[in-house]
Amino acid sequence: MIPIGGSVREIGSRLRRYFYVTIGLGTPTRTFDLIVDTGSTISYVPCAGCTHCGTHKDAPFDPAKSSTNVQLGCTSPGCYCGTPACQCKTDKCFYSRSYAERSSSSGFLHEDAFDFPDANGPVRVVFGCESDETGEIFRQAADGILGMGNNKNALHAQLVAQNVTADTFGLCFGFPQGGNMLLGDAPVANLDKMKFTPLKPGYQMHYFTVDLDGITVAGKTIRVPASTYSVGYGVVMDSGTTFTYLPTRAFKGLSEAVSAAVAKAGLKSTPGADPQFNDICWKGADDANLPKHFPAMALVFGGGVEVDMRPLQYLFKTGTGTYCLGVFDNFASGTLVGGISMRNVLVTYDRRDQRIGFLPVDDCNDLVLLPSPPPLPPPPPPLPPPPPPPLPPLPSPPPPLPSQPPPPLPSLPPPLAPPARKDAESAADTDANTDTDTPDNGSGVPSGAPPPPPPASQHPPTHRPPRSPRPPRPAAKPAGAASPDALPSAAAPSPAEQQQQQQQQEHGHQDQQQQQKPPPGDDSRPPSTPFPHPGFPVVPGGDAPPSAGWEPGDVRWVQDDPSDGLYSRDDALASSNLLAAVVLVALVAGAAQLLFTYRVRIAAALFNREGGGGGGGIAMYDRVGTVDAARGGGGGATSSAGPRGPGGPPAGGGRGGGTKGGRGDGPLAPAELVVTVARASTAAAVAASESARLLGAPGHSASRGVP
């Protein structure tokens with residue numbers, strides 16, 4: 001808390017219509033009286049060498065005699081003036097300020113130590129060192145201005161930037177004089193009863209601007225719109241202005257209401273003490289009972305905050321029983337709520353929460369700081385987290401196992417032995433599927449004789465695997481020897497009977513061979529490998545007993561003796577199915593070709609027409625694929641009208657019915673029909689023969705040997 005001096009009444013021979021504080025400046029410290037001004041953002045004092053400065057309470061400040069003084073250059077961070085901005089003169093930071101009462105101040109910015117009565121040591125702040133003064137600033141007794149406006153270069157803002165105080169302060173002007181200034185969150189009584197109105201941003205950002213909704217006199221609101229008070233720079237809380245100023249319309253309404261109430265109370269009007277001002281004054285009042293003569297007044301701020309104004313908050317005294325109205329006309333410049341209206345009211349300027357607070361008090365000189373509550377003890381340090389439970393000891397690793405040789409791999413089981421067969425079937429199967437020596441092959445051909453060459457249709461492809469040479473076979477059994485395949489004979493058969501017996505033996509041998517084959521799905525054999533070539537089925541080697549060069553489980557190429565004409569079941573089925581499909585396709589193709597090529601002429605023959613109908617406008621193709629009629633059908637053979645062609649209009653009579661005629665000269669002759677059928681049959685036979693040759697089928701029935 002810093003004491004405030006001054007008042008709004010006459011003191012001695014000079015008018016001290018302001019409130020001020022005393023501060024210390026420089027090293028060594030010198031004291032100066034500075035007017036507390038919330039409408040200014042720069043603090044300044046007269047300096048040595050000032051070219052136009054008035055006579056003030058204290059001698060000018062000499063920066064050269066302060067060891068802590070620094071003059072700011074144009075690029076210094078402290079060279080900031082707000083509005084209007086700083087200027088650069090001779091590479092030094094220059095400021096200038098002008099006020100509503102036509103006063104001004106200008107000079108250069110310096111930085112030095114400020115010392116407050118209750119400060120804990122000096123604080124470095126930026127201030128102005130005046131070189132020129134005019135108007136009331138030149139004539140006033142105070143040394144300078146303490147700028148407390150709404151900007152970062154104001155005194156309180158510099159203290160906040162250095163963490164000296166919180167971003168709030170309070171002013172309480174006393175009556176008839178004195179008061180106190182509070183910096184930061186100073187605790188006083190009844191702060192909980194303070195009412196707040198929000199700060200309003202305006203185009204003058206360095207002012208503390210609020211909303212004023214109206215003024216009441218004797219309980220009646222002046223009949224002007226609320227917008228009247230906000231013209232110009234708006235409604236500004238300005239402690240540096242001694243009196244309150246209103247726009248013209250609001251001022252006339254207020255002065256007329258007060259004059260009517262005072263005249264009704266019996267007071268007389270009188271001229272003011274200063275003839276250069278047209279003051280409104282009254283005389284004959286009782287100094288001890290002013291509410292008896294003057295009405296109550298109230299300012300209604302935004303948010304419904306109403307501040308009562310007693311007579312001395314809108315009047316100033318000029319003599320015994322004589323009082324003048326302390327509210328003046330400000331034309332269209334705006335509203336200034338001056339220091340006179342805030343006497344005995346604690347006004348809080350809260351920049352932290354962007355609001356203005358009002359708390360009426362009995363006497364601002366009696367403000368007492370409440371004892372600050374003892375600081376709360378610091379919270380106890382947090383308890384350390386409990387230690388984690390100890391982990392159980394890890395079990396010791398097991399001793400290393402002695403090295404042991406890996407166990408031998410189990411041997412594979414021997415291949416399954418072929419199933420037992422009848423003696424006759426085994427002998428026949430062995431002779432048909434292996435190359436081992438057998439007494440007889442069942443065909444009547446001596447075993448030692450070379451096999452006859454296979455027919456041309458049974459020759460395998462040129463890239464089939466080579467076959468191992470067949471070992472010589474033993475001589476044939478003598479005639480009359482017992483054999484399961486031999487037929488009993490009473491006498492020597494004739495050559496024809498021998499050939500017939502040989503064929504019967506071949507058929508019987510083949511039937512035995514088919515009966516000995518395992519049924520489909522028999523799992524006694526290992527799976528077959530894919531066929532490496534068409535026409536050569538692969539069977540497991542276990543089908544035959546082992547012999548030289550063959551091992552159980554080997555895969556063999558099975559190719560029967562070409563002379564016996566025997567084929568496997570799969571070969572016969574594949575050959576027969578494919579052959580039937582080829583023949584059917586050939587017949588269908590021939591018939592379709594016949595019908596498509598001679599469709600018109602056949603139709604003419606069937607309907608007994610003399611000439612073919614005109615073809616429609618479609619493309620027709622002959623048997624070799626050339627275009628027969630590209631644009632239109634051919635004309636008829638005679639001039640009689642033909643049938644309507646497909647896709648076109650009815651054909652006209654005569655030849656050349658279309659744009660391009662061809663192959664439409666008459667009905668199909670019987671000889672041509674026979675020739676065409678013969679050609680189609682021949683093509684089908686040729687296709688069937690070629691398919692049979694490629695398949696390697698025998699010349700006789702392809703289904704032979706298939707059960």
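The legends below describe close-up views of a predicted model.

Residues are numbered from 1 along each chain as its sequence is written, and side-chain values use heavy atoms, without hydrogens or water. In this predicted model, local features need pLDDT of at least 70 and side-chain atom pairs count only at pLDDT 80 or more, whereas totals for chains, interfaces and linings use all residues.

**View 1. Overview of the protein chain.** The protein chain holds eight helices and 35 strands; helices (H or I, at least four residues) and strands (E, at least two) are DSSP runs numbered from the N terminus. Of its 707 residues, 37% count as buried, where buried means under 20% relative accessible area, exposed over 50% and partly exposed in between (1.4 Å probe, protein chains only).

**View 2. Strand S27 and its partner strands.** Strand S27 spans residues 322–325 and is covered on both faces: Thr322 and Cys324 on one side, and Tyr323 and Leu325 on the other, are all buried. Strand S23 (residues 281–283) pairs with S27 in the antiparallel sense over two bridges, two strands being paired if DSSP finds at least two bridges between them. Cys324 in S27 is the bridge partner of Cys281. Strand S26 (residues 315–319) runs antiparallel to S27 and is joined to S27 by four bridges, with Phe316 opposite Cys324. Two residues lie between the strands of the S26 and S27 hairpin, where Gly321 takes a positive phi near 70°.

View 3. Thr322, in strand S27, has a relative accessible area of 17% and is buried. Leaving aside neighbours within four places in sequence, Thr322 is in contact (heavy atoms within 4.5 Å) with Thr270, Trp282, Lys283, Phe316 and Lys317.

View 4. Five bridges pair strand S18 (residues 212–217) with strand S24 (residues 297–301) in the antiparallel sense, and Val217 stands opposite Met297.

**View 5. Salt bridge between Glu111 and Arg124.** The side chains of Glu111 and Arg124 meet in a salt bridge (3.2 Å, N to O), defined as a side-chain nitrogen of Lys or Arg within 4 Å of a carboxyl oxygen of Asp or Glu. Glu111 lies in strand S11 (residues 104–115) and Arg124 in strand S12 (residues 123–134), so the pair ties together parts 13 residues apart in sequence. Glu111 is partly exposed at 25% relative accessibility, as is Arg124 with a relative accessible area of 32%.

**View 6. Salt bridge between Arg351 and Asp167.** The side chains of Arg351 and Asp167 meet in a salt bridge (3.0 Å, N to O). Arg351 lies in the loop between strands S30 (345–350) and S31 (355–360), and Asp167 in the loop between helix H2 (155–161) and S14, so the pair ties together parts 184 residues apart in sequence. Arg351 counts as buried at 18% relative accessibility, and Asp167 counts as buried at 18%.
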